[in-house]
Amino acid sequence: MALYKGKEYTEGNNIEQPQELSNTYTRLWGLNIPNKIRIHFWKIINESMPTLWVLKSQKLVVNTLCPVCQVEQESVAHLFRDCDFLKQVLEGIGVVSSTSNIDQNWKQRLVEEVLNNSITGFRLLAISYWALWYNRNKIYHEEIREQVHEVIGFINAYMLEIEQLSGLSRSGHIPKHIIWEPPEGDIIKFNFDASFNQ
Ligand SMILES: [Zn+2]
């Protein structure tokens, strides 16, 4: 973890309203998304992402060019605010991104973005950031490049899956106690505890 401690904006990154940051975290931990996506968003707020900019400051890489757009250097602010690919994806899924001052410090900007969004908007934003980082890793490590519409399709499908799962658990369609029963006749029955994509 110590490897990722480098901050991209060491000056002036204090939050103006500590209560706003506290409210943001409360919203984040209460969001109906998998833990890995919550933690990922927390890392973005706190600039604890191993971007190429951070890795270069630790002398671990030389080239800091964003692998996604190959136009600017890869920082947290670039990947999750300025990258053209990100903008196209967010526009495609209908996430309204803040128009606040580009010079505003990163944490403050993201806090405002979270607090100004609806719960659904925030959830979509968190899932999008996670999907975009996943996409960036696929390009950087595997040289697999997906199109904007493919990433949008993935985000929408993921969002739908989460909503359906929470809807099922709310309506009580998932029984609390599942008891295995042997099938009748010469039928072999498999039970497995895993998510299954038909
Ligand atoms: Zn980029």
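Visitor: Why is Arg123 called buried?

Guide: Arg123 has a relative accessible area of 11%, and buried means under 20%, with exposed set at over 50% and partly exposed in between (1.4 Å probe, protein chains only), so Arg123 counts as buried. This is a predicted model, in which local features need pLDDT of at least 70 and side-chain atom pairs count only at pLDDT 80 or more, while totals for chains, interfaces and linings use all residues. Side-chain values use heavy atoms, with hydrogens and water left out, and residues are numbered from 1 along each chain as its sequence is written.

Visitor: What makes the contact of Arg123 and Glu163 a salt bridge?

Guide: A salt bridge is a side-chain nitrogen of Lys or Arg within 4 Å of a carboxyl oxygen of Asp or Glu, and the side chains of Arg123 and Glu163 meet at 3.4 Å, N to O. The pair joins distant parts of the chain, with Arg123 in helix α7 and Glu163 in helix α8 (residues 148–171), 40 residues apart; helices (H or I, at least four residues) and strands (E, at least two) are DSSP runs, numbered from the N terminus.

Visitor: Why is Glu163 placed in the partly exposed class?

Guide: The relative accessibility of Glu163 is 33%, and therefore Glu163 counts as partly exposed.

Visitor: How do you know whether Lys138 and Glu146 are buried or partly exposed?

Guide: Lys138, at 17% relative accessibility, counts as buried, whereas Glu146, at 23%, counts as partly exposed. These two residues also form a salt bridge, the closest N and O atoms being 2.9 Å apart.

Visitor: What makes the arrangement around the zinc ion tetrahedral?

Guide: Four donors count as tetrahedral if all angles lie between 85 and 135 degrees; four count as square planar and six as octahedral if opposite donors are over 155 degrees apart and all others between 65 and 115, and anything else is irregular. The four donor atoms here subtend angles of 101 to 118 degrees, so the arrangement is tetrahedral.

Visitor: Which atoms coordinate the zinc ion?

Guide: Cys66 (SG), Cys69 (SG), His78 (NE2) and Cys83 (SG) coordinate the zinc ion at 2.1 to 2.3 Å, where donors are N, O and S atoms within 2.8 Å of the metal (3.2 Å for Na, K and Ca), and sites may look incomplete because water is not among the atoms. Along the chain, the donors follow the spacing C-x2-C-x8-H-x4-C, and both Cys66 and Cys83 are buried.
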